[in-house]
Amino acid sequence: MSTQTGPPRPHTVLRDELRPAWSAAVRAEWTKLRTLPSTTWLLAGTVAVTVGTTAIIAAATHTSTGPDAARQDPTKLALTGIDLGQAIIAVLAVLTVCEEYGAGMIRITLTAMPRRTVVLAAKAVNLTGLTLIAGLVAVAGCLMTGRLMLPGAGLGTADGYPLVSLAHTATLRAAAGSVLYLILIALLVLGIATAIRDTAVSVGVVLALLYLPPLLAQAVSDPLRRHLEQIAPMTAGLAVQVTTSSPAQVIAPWAGLGILAMWAAGSLTTAGVLLRIRDA
Amino acid sequence: MNDASIEVSGLRKRFGPTQALDGMTFSVAAGTVTGFVGPNGAGKSTTIRVLLGLDYQDEGHALVCGQRYAALKYPLRRVGALVEAAALQPSRTGRNHLLWLARSQRLPTDRVKEVIDLVGLDSAARRRAGGYSLGMRQRLGIAAAMLGDPEVLILDEPFNGMDPEGIIWIRGFLRSLAARGRAVLVSSHLMGELQGIADQVVVVGRGRVLADATVDELVARAGSDRVLLRSPTPSEAAAVLQRAGARATVTDRGTVIVGGITAQRVVEVLSPAGVAFSEVTAQRASLEDVYLQLTGGATQYRAGTQVQP
Amino acid sequence: MRVTSSPARQPANRTRRPAHGAATAALRAEWVKFRTVRGWLIGLVLAGLLCVGFTFVVANGHHQGICTGAGNCTAGHPFVPNGPGGEAVADSYQYYTQPLIGDGTLTARIGSLTGVIYTGPANQAPSTAHTRAGLAGWAKVGILLTPSTRQGSAYAAICATGSHGIQFQHNYTRDQPGRSGTQTSSSPRWLRLTRTAETITGYDSDNGTTWRQIGTTRLAGLPATVDIGLFATSPVTYQDGATGAATQATATFNDLTFTGRTASGWTARSIGMSPRDYYPTLGAGSTHRSGANVTITGSGDIAPAVATLAGGSTASESLLFGIVVALVVVIVIATGFITGEYRRGLIRTTLAATPQRGVVLAAKALVIAAVAFTVGVVATALAIPLGHHALTTNGNYIFPTSTTTQVRVTVGAGLVLALTAVGALALGAILRRAAGAVTAGIIVYVLPNLLGPGVLGPGAPAATWLYRASPAAAFSVFGALPRSALVSYPFTLANGYYPIGSWAGLAVLAAYTAAALALATYLLHRRDA
């Protein structure tokens, strides 16, 4: 039998009692995320997929500069990688909660932290932080790629397009909005995954919710198409990337991001309620 | 009984058509090891999950340290629990598993090293938990339960998958915890594992308590002890003993099972009657016998009659 | 206990045919495993229901209307005639005709063939006010024989064309080429059409004396009295881009020679050239005769109808989104069918029961393929009539589809789901983790369908390549729009035409699945379970 040091010293206990429980939960969840190798890979993957997609799209773009050619939106084009990068962030968000259910470890988690909504909030805080970092890097990479490659695709200053630059208010809004978009997607997915609890089903539902409404919108005509694009998380949220006015735009940039925020809030609220009322 | 470390009272819970808990009531006092036994499906794990606030009861209440578990601020400092020992995320190391638990309770990182040494897992602590044997997972689970050096320990089937050495270690460990005033609740579906360590035994079946007593009381309740008698003339010996008021049955192996009188009395009756005998053995009922007797009607899953081809 | 021994329980009987038996047993075991997970069965039913439901939603979101005046529209579509073979056709032309009783021959020399192309705005009704000179490739002028001038009637014609030389055509879909090259004043063309009972024969000549037979056909049930005469028509051209422009052709015929019996004289008629007719025509048709010279101006086409011109669609187009949704569900189930075994170590039990790992994977593949195929076929069989009904109710024109096409679409839906399910299963066996496998499955099998029309835009060359080389190529099996070599029309993705044949497209999908399955089999053998 080894010797035991006994419980923490009384003054420590007293001090801890005064600190909020949620900060310990945040640290615990942070330790969990940090000690899973997949977290690092998925964050790196998000950046790589986002910037890589933008690079491929930029390389494949050849814009004709005729007088009747439609005006392009270089900033939105540079941020196209987010379309695909969000899938990786979504997987990270799903794994944050579903892997615990898959292994049955959620019972250990809830034994250590019986306040379930605090656990969900702690996961949300960590996911927000990680997505913020990955999103900032990915968006910066996209804008840099756009600035370097788009002039070669017929979208340079010689063609009447400004270089992609954060000095433009609209570009700054699109960039910051894209990072916020990724964070809101992560939170939306976290809520869905908490409600569903199964990894495979969650990934399927989440990717379907993100990618299928735009496809459905293509298949139907107005006004259904318009309404779909206004309320679907991806099409509404990505409105924040638009920097040139276009008749195809169905919702204002910040309003679109607001719709996505409502999705995320609704999803997290539902998840919090379900987490509280269901047996673990 | 407000001083009880664990108090379970009138728990009822239904899963669809199954009444998992049907008025479960018992308590565990500080400084004791309480065995929590019953056949598979008797409601042991459900009770423990309700105790830990994982599942919600339909009726009744379950208190730890006089409070609802969910009301404890840093619960692992008060209550250590081993549930779902096999449930680990395979790519995380054992040490990191303990580390996040320590963070959740604001325990110092040093404490992780201490409990790893305590359960003898130091050689494996930095390996992926996915590669652990069931026994190693149990040790890691016990380390997690000991992290906050709690006053109450709730261990669900800690002997599962343990090698004999590990079983001996746990038994000694649990006794030493009780000796230092901790309250320990140990569930098991095998009574034999608890013999010699449990002060109190709660036997459950079909969601309710069948017996809640000390080991001695339980054994006594199993009825009077029997005496085994070997004699060259078993029928004659049986007749003599029956005349003396004892129950005596001759077995087909030529021995006599005597009930109703002590071994001492058997010798006293047979010797004057001139009946020869080669052996008189008092047979004490084991905890296992008591358990089988108690749970005979409450077993949910019973093996079918074996048919030999 | 009594030991009984009956012949039926003898071990020798139970272990008969070990090799064949093991595979069958593995197959049955996997089937039991599949059908006993309630979530998967619910998922499959859900996949079918979603497919049917979304087909209805998409079909119901399509409206077609006829507008008269300002904003006064009613649901409906212009009349599209059907040809003798049941296919939708264009039948608009200027005709200068007289009845022919019994056998006879009409001969004419084409003196000149010229045309104009509409250059005005695309959103206005074409008018001759804005035109430039130019001849559509499939502008046709010549001699046409038909039992009736009702649109969609049977016919046979010998004609000179804008750029396809002399053609003998009949019943909209058939043609036999004659002399190539366009006629000029220095190189005129003579045409001749002869009726003998039910047989019609076309000839051409470059000197009016030596005749060459171009083609012949039998028009079954031809009445004694038919119409025979000169015609001119000129279809929408796509010479100037993706938007079509209406055209008009003018031909001068000399040396009109008629042999045979007739009841009355020559009359000029415009067939299918009014603004009410669906086929876009340019200007009014006209006919001028002076002596043996006849000048005919006409616009339209006598050919199979194609997508945008007829304004039509097919019910299978409405099915596509439902199929994509069903694909996502099937991918989740198929990957779970194998990753579920790895999560809790069930795979070890499975491989202990059937040590031939390839057999286990094959059994799983067969089971998942069979259930996915069934869901696809049943869902499509329900969705297509429902979609058809919704489209028709909303006034949409729907191309008539043959039974063969309907069977191809239905079986094709089953095959697309089955091949995708097996591919997802293989990805599950390769990656062994649910999250990775589902994501990979959706990226490989679903995303190309989204990238194609959505991100890249249907007109982009990259989208066309996605539908040739990615698993999305299999969606060509749902293509039911009519095509014809007799129509100069961009049969492109943007117009709803897939860039690869149905079965070739399915083969592309099968190739992806086969590659995944091969890698999965290899890894399953090589790795520890």
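This dialogue explains how to read several features of a predicted model.

Student: Which elements does chain A have?

Tutor: Helices (H or I, at least four residues) and strands (E, at least two) are DSSP runs, numbered from the N terminus. Chain A has twelve helices and zero strands.

Student: What percentage of chain A is buried?

Tutor: Buried means under 20% relative accessible area, exposed means over 50%, and partly exposed lies in between (1.4 Å probe, protein chains only). Of the 280 residues in chain A, 56% are buried. In helix α10 (residues 224–231) of chain A, the buried residues are L228(A), E229(A) and Q230(A). These buried residues pack against α9 (199–219), α11 (233–237) and α12 (253–277) of chain A.

Student: How is chain C divided into domains?

Tutor: Domain bounds come from an automatic or database domain assignment. In chain C, domain 1 covers 25–62 + 311–526 and domain 2 covers 89–304. Their C-alpha centres lie 46 Å apart.

Student: How many residues of the two domains of chain C are in contact?

Tutor: Contact means heavy atoms within 4.5 Å. Seven residues of domain 1 of chain C are in contact with ten residues of domain 2 of chain C.

Student: What area do the two domains of chain C bury between them?

Tutor: The size of an interface is often given as the accessible area lost when the parts come together. Buried area is summed over both parts and uses a 1.4 Å probe. Domain 1 and domain 2 of chain C bury about 710 Å² between them, 66% of it on carbon and sulfur atoms. In domain 1 of chain C, L486(C), V487(C) and S488(C) lose the most area to domain 2, together 67% of what that side buries.

Student: How many salt bridges cross this interface of chain C?

Tutor: A salt bridge is a side-chain nitrogen of Lys or Arg within 4 Å of a carboxyl oxygen of Asp or Glu. Across the interface of domain 1 and domain 2 of chain C, the rule finds zero salt bridges.

Conventions
Residues are numbered from 1 along each chain as its sequence is written. Chains are lettered from A and ligands numbered from 1 in the order in which they are written. This is a predicted model: local features need pLDDT of at least 70, side-chain atom pairs count only at pLDDT 80 or more; totals for chains, interfaces and linings use all residues. Side-chain values use heavy atoms; hydrogens and water are left out.
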